[in-house]
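The following questions and answers examine a model with the sequence and coordinates at hand. Please consult the structure while reading.

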Amino acid sequence: MARQTRIRTRMQDGATEILVLVNHPMETGQRVNPQTKEKIPAHFIQKMTFMLNGKEVAVVDMGVAVSKDPLVGIRVKGAKAGAKVRITWSDNKGESGEAETTVS
Amino acid sequence: MKRILMLAAAFGLAGAMAPAVLADPTSDLRQFRGFFQKKFPTVKFDEYASGLYALPGNEGYREQWKAYNEFSPYELGMANGKKQWDTPFQNGKTFAGCFQNGGKNIAQHYPYWDEAGQKVRTAEMDLTDCLKKNGETRSFTTADLDKDDDVNRKARVELAELTAYFYSLSKGKRISIDMSKPGAVKAYEDGKKYWWQRRGQLNFACANCHMDLAGKNMGGNQPLSAALGHTTAWPAQRLEWGRLETIHWRYKTCNSQVRAKPLKHGSETYNNLQLYETYLSSGLPLTAPDMRN
């Protein structure tokens with residue numbers, strides 16, 4: 001199933017906030033399937049990169065402690081309206097996703 | 001003793017006559033709104049569509065709700081629902097073809113009394129029947145919606161996402177339920193009975209929590225909503241679930257929370273209860289889908 005990656009920007013306290021919502025199970029590898037008694041394999045986002053006009057502004061190293069369907073946000077100062085924002089993420093199973101928007 | 005019996009008979013007679021007046025849904029509605037107006041004089045009528053977040057004392061929950069709605073996870077489920085709605089069937093038709101006005105701005109009349117079938121019909125039923133009519137199957141047309149294992153839950157969530165998208169097409173429309181048919185009133189009465197009947201180990205009726213105790217907490221961490229505006233947000237996403245779910249699933253879990261045996265998903269009694277609750281929220285704008293505690 002293709003994963004959705006949604007992105008949004010907004011002004012917050014004089015800085016631009018970039019918010020990313022991904023539908024991802026974020027399995028820790030600790031959970032047990034009650035029917036088969038087998039462990040559910042770990043499946044989580046490891047890296048999320050934020051780029052502003054092609055320049056990397058933040059990299060998030062994520063782990064299993066992050067919740068399911070995570071909402072990740074950063075604040076950038078000095079981003080102009082119309083600037084291109086691009087984020088990419090990749091997980092431990094080799095899946096990846098990306099989303100693009102412009103600063104409003 | 002004889003006098004007491006006669007007194008009882010007199011009261012019985014008065015009691016038997018009284019329901020003829022009380023049974024009128026319109027006066028029920030007036031009484032119901034009056035109850036909440038008196039209980040929460042500071043809350044405006046339209047605010048009740050926001051559920052428990054409108055009630056005084058729930059400011060903390062309200063802040064959380066607002067933050068959650070800024071970029072809310074139910075958008076993911078909604079996108080799935082939209083995809084289901086837009087994808088044509090094998091025969092080229094779509095869901096929109098099964099509904100008046102292409103499914104737009106009609107959800108405020110749900111659930112409705114179906115005179116031909118002599119029963120209450122919900123949006124979930126109409127959506128499922130639309131699939132059947134077009135010879136389509138989906139996971140939720142065959143799954144057991146009462147079970148909560150991975151497969152059945154996924155099917156139920158699919159139905160909830162589709163229903164949520166259907167309701168979102170009528171967002172902001174004010175609820176108006178047609179009560180002109182005697183059958184509708186009968187179903188309404190059945191829902192009313194369920195609403196006021198105490199049940200479960202905790203011995204609560206719906207009305208105990210959602211009228212008398214509205215705005216308070218049950219067991220410390222379950223804020224209780226006001227019954228007025230109960231159905232406007234459903235299908236909703238609860239923090240606890242992290243997914244969109246149908247209103248019948250909420251009824252089931254609500255029953256479990258008072259340690260009562262839940263009924264079947266899509267059972268007639270739940271349909272009637274939904275009709276009763278929705279009618280009593282008449283005039284409130286639809287906000288579904290939304291987040292609820």
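**Sheet, interface and overall form**

Q: Which residue in E5(A) stands opposite Leu21(A)?
A: The model is a predicted one. Strand E2 of chain A, residues 15-22, pairs with E5(A) in the antiparallel sense over six bridges. The residue of E5(A) opposite Leu21(A) is Leu71(A).

Q: Which strands of chain A stand at the edges of the sheet?
A: The open sheet of chain A has three strands in the order E1-E2-E5, with antiparallel pairing. Two of these strands each have a single partner strand, so one side of each is left without a neighbour in the sheet. Those at the edges are E1 (5-12) and E5 (71-76).

Q: How many charged residues are on the side of chain A that touches chain B?
A: Ten residues of chain A are in contact with seven residues of chain B. To this side of chain A, E1 and E2 each supply at least two residues. By class, the side has three nonpolar residues and three polar ones, while the number of charged residues is four.

Q: What radius of gyration does chain B have, and why does the value agree with a compact globule?
A: The C-alpha atoms of chain B fill a box of roughly 75 × 45 × 35 Å along the principal axes. A compact globule with 293 residues would have a radius of gyration near 19 Å, and the value for chain B agrees with this: 20 Å.

Q: What percentage of the residues in chain B is buried?
A: Chain B contains eleven helices and seven strands. Of its contacts with a separation of 6 or more, 71% are between residues 24 or more positions apart. Among the 293 residues of chain B, the buried share is 35%.

Definitions and conventions. Residues are numbered from 1 along each chain as its sequence is written. Chains are lettered from A and ligands numbered from 1 in the order in which they are written. This is a predicted model: local features need pLDDT of at least 70, side-chain atom pairs count only at pLDDT 80 or more; totals for chains, interfaces and linings use all residues. Two strands pair if DSSP finds at least two bridges between them. Helices (H or I, at least four residues) and strands (E, at least two) are DSSP runs, numbered from the N terminus. Two residues are in contact if their C-beta atoms, placed from the backbone, lie within 7 Å. Ala, Val, Leu, Ile, Met, Phe, Trp, Tyr, Cys and Pro count as nonpolar, Asp, Glu, Lys and Arg as charged, and the others, Gly among them, as polar. The radius of gyration is taken over C-alpha atoms; the globule rule is 2.2 Å times the number of residues to the power 0.38. A residue is buried if 20 or more other C-beta atoms lie within 10 Å of its own, exposed if 12 or fewer, and partly exposed in between; C-beta atoms are placed from the backbone.
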